[in-house]
Amino acid sequence: MDNQAITLALETSTALCRDAHAVALQASELVALNRVRLREQAERTSVRNRRWIIREKLWDGRLPCDRPAVVRGGPGRGEMCAGCETITSASQLVMELPGVDDEPLTYLHADCFQVWETLRRLTVAHPEDRALVRVR
Ligand SMILES: [Zn+2]
């Protein structure tokens, strides 16, 4: 192989490597963008699911419609969230609703508590059969 052919091969190889690097960089950026979009979609789905679950629990009485006078908050200690039914952790703010009479405490993640607080205001108990009626 003469020097001219070797030089041409090196230049071609360098150009191909540069193009491949640009394509790899572009692909990496697209992967990162897709991850962000998937995370946002998962968060929206999670919020919708949380609202739906808490709404159902308000309607069937698994969550109280009345807010107790005192609600405490603090880091989770492994309790089951009554809203989303996942275990709380120390990195999460958890609200503690005292039970009436002998009822046990109810624990809600702060996000679940906010959803519960909003939805319970939109829901009232029917006076005769205690069935829950949604107010528009
Ligand atoms: Zn929760």
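**Reading the fold**

Guide: Along the sequence, the pattern runs α-β-β-β-α-β-β. This is a predicted model.

Visitor: How many helices and strands are in the protein?

Guide: The protein has 2 helices and 5 strands.

Visitor: Why is the protein called more spread out than a compact globule?

Guide: Set the value against the rule. For 136 residues the globule rule gives 14 Å, and the radius of gyration is 28 Å. That is well over the rule, so the protein is more spread out than a compact globule. The C-alpha atoms fill a box of roughly 100 × 35 × 15 Å along the principal axes.

Visitor: What share of the residues is buried?

Guide: Of the 136 residues, 15% are buried. To count as buried, a residue needs 20 or more other C-beta atoms within 10 Å of its own.

Visitor: What makes a set of residues a nonpolar core?

Guide: Its members are buried, belong to a list of residue types that includes Ile, Leu, Cys and Trp, and are joined through C-beta atoms within 7 Å. The largest such core here has 15 residues, and Ile54, Leu108, Cys112 and Trp116 touch the most other members. Helix 1 (3-60), strand 2 (93-97), strand 3 (106-109) and helix 2 (110-121) each give at least two residues to this core. Helix 2 supplies the largest share, 5 residues.

Visitor: Which residues does Ile54 touch, leaving out those up to four places away in sequence?

Guide: Ile54 touches Leu63, Gly83, Cys112, Val115, Trp116 and Leu119. A contact requires C-beta atoms within 7 Å, so each of these pairs meets that cut-off.

Definitions and conventions:
Residues numbered from 1 in each chain as written. Predicted model: local features only at pLDDT ≥ 70, side-chain atom pairs only at ≥ 80, totals over all residues. Buried ≥ 20, exposed ≤ 12 C-beta atoms within 10 Å, placed from the backbone. Helix = DSSP H or I, 4+ residues; strand = E, 2+ residues; numbered from the N terminus. Contact = placed C-beta atoms within 7 Å. Rg over C-alpha atoms; globule rule 2.2 N^0.38 Å.
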